[in-house]
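The following paragraphs go through the structure in two steps. The text starts with the parts of a single chain and then turns to a contact between two chains.

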Amino acid sequence: MELQDIIKPENKVYGKPSLMNETPMHYCPGCSHGLVHKLVAEIIEEMGMEEDTIAICPVGCAVFAYRYVDVDWIEASHGRAPACASSVKRLWPKKLVFTYQGDGDMACIGTAEAIHAMNRGENIAMIFINNAIYGMTGGQMAPTTLMGMKTATCPYGRQADLHGYPLHITDIAATLEGTCYVTRQAVNTVPNIRKAKKAIRQAFENSLKGKGCSLVEIVSTCASGWKKTPQQANEWMEENMFPYYPLGDLKNTVE
Amino acid sequence: MDEKKNDYVLLKGNEAIAKAAIRYGYDGFFGYPITPQSEVLETLAVDKPWETTGMVVLQAESELASINMLYGAGCTGKLAFTSSSSPGIALMQEGISYMAACELPGVIVSVGRGGPGLGTIQPGQADYNQAVYGGGNGDYNLIVLAPNSVQEMCDCMGKAKELTFKWRVPVVVLSDGVIGQMMEKVLLPEYTPRRTDEEIHQQCPWATNGIGLKNRHYNVHSSLEFDPLVMEERNHKMTEKYARIEAEEVDYEYYMADDAEWLIVAYGISSRVGMKAVDILRKKGINAGMFRPKTLWPFPNRVLFDTASKYKGILCVEQSEGQLVKDVRIAVEGQTYVSHYGRSGGMIASPVEVYHAFKKMMEESVNSKKGYWIK
Amino acid sequence: MGKMRGAIVVDEERCKGCNLCSIACPLNIVKLSMTVNHKGYNFAEQTDWEKCTGCTSCAIVCPDGCITVYRTKED
């Protein structure tokens, strides 16, 4: 069998989802953001929700998310995506409304908006990329930076007396009555990517069915911010991030 | 309360705002309680428009959230409004700048109180600069309407609706604690149905609501632009639009000014005080009249400039230490003497006080050069 | 029963050479090229296509959606 016998349109089993456009993504090589964007595009496509999706992106590395996935996007101000999504979903109750935020956006500057949107039980899905660092601004300390972890603004390592402790916003979310589904996932391996996709899909369906607020945390890498290769970053995440931010469902009242 | 259409009711200004919004077909309200405007949300909560017109009403967790809810609503082509008072409006400035940058519709009702800081909960007009010049970053303008009665509070909601979609500029209804709290007779408008999704799609092809996505490029609302040349081009386009608004939307009125030799300039509640002061001045044989800007941006610069030389002196009356007066001086360009009388911190000038201040201005104007900064 | 035969096509200009595909490939037949694309990245390429089963692992882990996978059953 020759190569041209295999590479035929009818034999295509996997490719870039059609909702993900040709614009090259600005993310660094190996960045988890790209993977999550791809999953989001795949899911919206599979659900056939292109004309019924309103996506809201943050300030941070994902500020340009709107360049890559062909759905209508709103670029919210720093931390306010959940507030923006709240009004959008209430005004357009049949639409799939989701936010896409990083750790600085959701767990620091926008903590109030995130917690109150979740607590009101807004029928939105929230995707939360936690890479324990501020990527866009050049690797400063994030609310989720691990103890002892070095960043540009805690160059000797995060220490409690100077910087306080990492914020477990996903654990807080699970305690709120307005959330219906809270889960922590990763996209470092093929099985984990499949699980993360399933989780985002459920969150999206919860938004459509009006079940309440869903939060999907993706424990992610920031190879540039961590000053590692993408492979080393994945290994470091497995060793250091997963024990602190263990994967799995924290809450699911929909099943 | 269940009004029949077009009947007169006795309402507070804040209540009129709420009832007018329901009748003008607003899609949503997002706000946070603050004195002296809390009756807006309270009235909406009592009237439950979500059961009748389908209007969404949500008490937000903060003014930061309120304005970003308004931002989201505007992005998707919906007609929404928020209301707040001075410190709350201060918190909204970032979101207002974002709305202006994305050229979004939205109505912000500002019921001013005395400041700065927490200030007082008594009425104030010290937020002229905040509304007209803004506290948000960047080159932008907002259309600012200045009602002076409960009826005009009501009417402004209709005018704001029209202007904000016509120009895609956020509109501020700049009121104050007096108009918000006082009760007057109001003729409420007839009910206008809220627009359907299809109407929104037709009228707002720029909206990010997904409708018709398969037959168009996807829409984005973002104020971010890394290319300075592109950003400058965006600014130029907005500036051109602002110039058209300045040419078309200026609104003002006169009181007893046809034969006036002396002028009071006042807006909002101060114009009501100003009218009484003019009456007193006329009784004392002084040819005084009043000029009242009804739009604070666009400001009636042109008409003030063209007519300034008719007047021997102008007194700006406002409930602040002097904000409107600066715009009047800019407009007049030194052609006549311009002075200021203001109470602040929640105090309201009486017509008699204004009469005495006016007399003082008349004396000063004779002895002063017509200089810009001469008191 | 026929053997599964697969092949991949890499969007070489879109690839950023992160190497995650190479790590994910169970057969170790995806590597970074010796040459670079216009952005200066060593891009992914299949070294031994005859071994490929079209499992899609390389494409699934690709953050930039650069890899298309084809698969068919050998008669």
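In this predicted model, the domain assignment divides chain B into domain 1, residues 8–187, and domain 2, residues 253–367. Between the C-alpha centres of domain 1 and domain 2 of chain B the distance is 27 Å. The two domains of chain B touch: 24 residues of domain 1 are in contact with 20 residues of domain 2.

On the domain 1 side of this contact in chain B, the elements that supply two or more residues are helix H6 (128–132), strand S6 (143–145), strand S7 (171–176) and helix H8 (177–181). H6(B) has the largest share, with four residues. Sorted by class, the side of domain 1 of chain B that touches domain 2 holds 13 nonpolar residues, nine polar ones and two charged ones.

The next contact is the one between chains C and A. Chain C contributes 28 residues and chain A contributes 26 residues. On the side of chain C that touches chain A, two or more residues come from each of strand S1 (4–10), helix H1 (20–24), helix H2 (57–61) and strand S4 (67–73) of chain C. Here S4(C) gives the largest share, five residues. The chain C side is made up of 13 nonpolar, nine polar and six charged residues.

S4(C) also pairs with a strand of chain A. Strand S1 of chain A, residues 12–14, runs antiparallel to S4(C), and two bridges join the pair. Within S4(C), C:Val69 is the bridge partner of A:Tyr14.

Terms used:
Residues numbered from 1 in each chain as written. Chains lettered and ligands numbered in written order. Predicted model: local features only at pLDDT ≥ 70, side-chain atom pairs only at ≥ 80, totals over all residues. Contact = placed C-beta atoms within 7 Å. Nonpolar A, V, L, I, M, F, W, Y, C, P; charged D, E, K, R; others polar. Pairing = 2+ DSSP bridges. Domains from an automatic or database assignment.
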